[in-house]
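Subject: Structure for your review

Dear colleague,

Please find below the structure that I am handing over to you, together with its sequence. My findings follow directly after it.

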Amino acid sequence: MTAKRKPTVFRENEGIWVHWFGHPLRYLATTEETEGKYCLSVGSVDFGHGASPHSHSFDEGFYVLAGEVGFTAGNRTVLLREGEYINIKAGTVHYPRGASREPAKMLVIAATCGFDQFQLAVGERLSDSKSVPSKSEADMHAAVDRLAPQYGINMHPTADAINSSPNIHVTRSKDGEVIDVVGDRYRFLSQGIHTDNAYAIWHATITPGGGPPPHIHR
C-alpha cells in the first residue's frame with residue numbers, strides 16, 4: 001500500500017531560513033521532504049557580489065525572480081534578467097554576480113540533494129528573516145573550505161576547468177517549449193533532456209478557475 005502523503009505548504013516569508021553570508025535565504029524544499037531528489041530555495045545576491053568559482057557533483061538551476069544576475073560558467077558569461085533561467089550541469093565550474101543595483105532575487109534548485117545540507121551546516125538556521133545571526137562570515141568561510149568536499153563541492157577548481165567550454169542550458173524570458181492545456185500555459189525552463197532526468201521545471205500561467213484535475217504521480 002502506498003503511504004499517505006501530505007503537501008508541504010509555505011506562505012510568503014515562511015520556510016526554513018538560513019543565514020548565508022550577509023543574506024537570509026529561504027528553503028522551500030529540503031532533502032528530507034523530497035527523499036533526496038532535489039532541494040529548492042529563494043535567495044538574493046548584491047551588485048558585484050556572489051560565490052567564488054566552484055563546481056559540484058549535481059545539477060543546479062537558477063530562475064531570476066527580480067533584478068539581473070551575471071553567471072560565469074567555464075569560459076562563458078551570460079546575463080540573466082527577470083523570467084530567465086539557467087541550468088548548470090554537474091562538474092561545470094561556475095559563479096554568479098549580482099548585476100542590478102538592487103539585490104537580485106533567485107529561485108535555486110539543486111538535484112540531486114545535498115546543497116541544502118551544506119548551507120545549513122556552513123550557515124546558521126534562523127527562526128525567521130529578521131533574526132540576528134551569531135555566526136561570523138569568517139567562521140562561515142572556514143566552514144566552506146572544511147565541509148565542501150563532504151557534499152560533492154569543489155571550491156578549488158583547476159585553471160583548465162575554469163577555462164573550459166561550459167555545459168549549460170539557458171532559457172530566455174520568451175523561450176522554452178510551451179504547452180497549452182484547456183486555457184492554461186506551461187513554459188518549460190528545463191526539461192529532463194537538459195538535466196539527465198534529475199528534474200524538470202516550468203513556469204505556469206493558470207487562468208481563473210483553471211489548473212489540472214486531481215491527480216497523483218510517482
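Which residues of β1 are buried on one side of the strand, and which on the other? In this predicted model, Ile-16, Val-18 and Trp-20 are buried on one side, while Trp-17 and His-19 are buried on the other, and both faces of β1 are thus covered. Strand β1 comprises residues 16–20, and five of its five residues are buried, so the strand is largely enclosed by the rest of the structure.

Strand β1 has two pairing partners to report. With strand β2 (residues 23–29), β1 pairs in the antiparallel sense over five bridges. Trp-20 has His-23 of β2 as its bridge partner. Two residues lie between the strands of this hairpin, where Phe-21 adopts a positive phi near 50 degrees. With strand β11 (residues 124–126), β1 also runs antiparallel, and three bridges join the two. Here Leu-126 of β11 stands opposite Trp-17.

I next turn to a loop. His-49 is found between β3 (39–45) and β4 (55–56). Apart from neighbours within four places in sequence, His-49 contacts Pro-96, Arg-97 and Gly-98. The C-alpha atom of His-49 is separated by 11 Å from that of Phe-71, which is 22 residues away along the chain.

The remaining findings concern charged side chains. Side chains of opposite charge can pair when their charged atoms come close. The count of salt bridges comes to six, and three of these pairs are described below.

- Arg-81 and Glu-68 form a salt bridge with an N to O distance of 3.2 Å. Arg-81 belongs to strand β7 (residues 76–81) and Glu-68 to strand β6 (residues 68–73), so this pair ties together parts that are 13 residues apart in sequence. Arg-81 is partly exposed at 42% relative accessibility, and Glu-68 is partly exposed at 25%.
- Lys-89 and Asp-196 form a salt bridge in which the closest N and O atoms are 2.8 Å apart. This pair links distant parts of the chain, 107 residues apart: Lys-89 is in the loop between β8 (85–88) and β9 (94–98), and Asp-196 is in the loop between α5 (192–195) and β16 (201–205). Lys-89 is buried at 10% relative accessible area, whereas Asp-196 is exposed at 62%. Together with Asp-59, Lys-89 and Asp-196 are linked in a network of salt bridges.
- Asp-180 and Arg-185 form a salt bridge at 2.7 Å, N to O. Asp-180 is partly exposed, with a relative accessible area of 48%, and Arg-185 is partly exposed at 42%.

Yours sincerely

Conventions
Residues numbered from 1 in each chain as written. Predicted model: local features only at pLDDT ≥ 70, side-chain atom pairs only at ≥ 80, totals over all residues. Heavy atoms only, no water. Buried < 20%, exposed > 50% of the residue type's maximum accessible area, 1.4 Å probe, protein only. Helix = DSSP H or I, 4+ residues; strand = E, 2+ residues; numbered from the N terminus. Pairing = 2+ DSSP bridges. Contact = heavy atoms within 4.5 Å. Salt bridge = Lys/Arg side-chain N within 4 Å of Asp/Glu carboxyl O.
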